[in-house]
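Please read each point with the structure in view.

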Amino acid sequence: MKGKHKTSYKVIQMTIKELEICIEKYGKDIYSFCRQLTMSLQEADDLYQDTFLKAMELIPKIDNDQNPKSYLLSIAVHIWKNKKQKFAWRKRIADINPITDLFMEQTANPLDLSLEERVLKQEEILLVRSAVRRLPERLMAPTCLYYMENLSVSQIAALLNIPVGTVKIRLYQARKRLKKELEVVLGEKY
């Protein structure tokens, strides 16, 4: 067997127990991301559940030594995109009225702020989130991944399966749109 050499690669697969640990560790972040993407509590719940159901199916492909949170976020993004595409297709066939959004998220406020300051801060947060939700899908997903999940541009590119340059351009376009809109609403602050 001269010249023939067997190379052994160890594939590290995630176990169900390790996935449960990931759910405990990253579940809140994944759910928050799902809420931001869907803009709806019920749709976020569905997306969150679908994400982890899909993760159960994909356990053999998940490498726990890599970045499992990023992998879970990519599952959520892909499921969300598929649902949006299906909805758009159905809407073209039969004009379906979109489900109204009753989304209202509570955020933690520092206790050292006065009631008036907390109310104003809460209003600002809601205005910014609302502006992000109005971004086109191609801009909203990278913006949420970058600012909510603190992923790097290269991680977002890998997650969305697009070039790094495209992520940078989309983030730039999103910032430009948000700045323009928020300057009008919030004044010179932004």
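**Notes on the predicted model**

1. The secondary structure of the protein consists of seven helices and zero strands. Read from the N terminus, the order of the elements is therefore simple to write as α-α-α-α-α-α-α. The model is a predicted one, and the points below should be read with that in mind.

2. The protein has 190 residues, of which 33% count as buried. Among contacts in the protein with a separation of 6 or more, 65% are accounted for by residues 24 or more positions apart.

3. Consider next how helix H1 (residues 16-38) is placed against H5. The two helices pack at an angle of about 155°, and their axes are 10 Å apart. Because angles over 145 degrees count as roughly antiparallel, H1 is described as roughly antiparallel to H5. The crossing in which H1 passes H5 is right-handed. On the side of H1, the contact is made by Phe 33, Gln 36 and Leu 37; on the side of H5, Met 140, Ala 141, Cys 144 and Leu 145 take part. By class, the residues of this contact of H1 with H5 comprise six nonpolar, one polar and no charged.

4. A second pair is formed by helix H5 (residues 137-147) and helix H6 (residues 153-160), whose axes come within 10 Å and cross at roughly 135°. This angle makes H5 oblique to H6. The crossing of H5 and H6 is right-handed. Which residues of H5 meet H6? They are Pro 142, Leu 145 and Tyr 146, and their partners in H6 are Val 153, Ile 156, Leu 159 and Leu 160. The contact of H5 with H6 divides into seven nonpolar residues, no polar and no charged.

5. How many disulfides does a search of the whole structure find? The search finds zero. As for individual cysteines, Cys 34 is buried, because its relative accessible area is 0%.

6. Lys 54 is situated in helix H2 (residues 41-57). Is Lys 54 buried or partly exposed? Its relative accessibility is 34%, so Lys 54 counts as partly exposed. Leaving aside residues up to four places away in sequence, Lys 54 touches Ile 75 and Ile 79. Lys 54 and Ala 76 are 22 residues apart in sequence, and their C-alpha atoms are 9.0 Å apart in space.

7. Most residues other than glycine have a negative phi. Met 39, however, has a phi near 65°, a positive value in a residue other than glycine. Met 39 lies in the loop between H1 and H2, and counts as partly exposed because its relative accessibility is 22%. For Asn 161, phi is near 60°, again a positive value in a residue other than glycine. Asn 161 is found in the loop between H6 and helix H7 (164-186). Where Met 39 is partly exposed, Asn 161 is exposed, with a relative accessible area of 68%.

Key: Residues are numbered from 1 along each chain as its sequence is written. This is a predicted model: local features need pLDDT of at least 70, side-chain atom pairs count only at pLDDT 80 or more; totals for chains, interfaces and linings use all residues. Side-chain values use heavy atoms; hydrogens and water are left out. Axes are lines fitted to C-alpha atoms, for helices over the stretch in contact, and angles run from 0 to 180 degrees between N-to-C directions. Helices (H or I, at least four residues) and strands (E, at least two) are DSSP runs, numbered from the N terminus. Angles under 35 degrees count as roughly parallel, over 145 as roughly antiparallel, 65 to 115 as roughly perpendicular and the rest as oblique. A crossing is left-handed if the near helix is turned anticlockwise from the far one by less than a right angle, and right-handed if clockwise. Contact means heavy atoms within 4.5 Å. Ala, Val, Leu, Ile, Met, Phe, Trp, Tyr, Cys and Pro count as nonpolar, Asp, Glu, Lys and Arg as charged, and the others, Gly among them, as polar. A disulfide is a pair of cysteine sulfur atoms within 2.5 Å. Buried means under 20% relative accessible area, exposed over 50%, partly exposed in between (1.4 Å probe, protein chains only).
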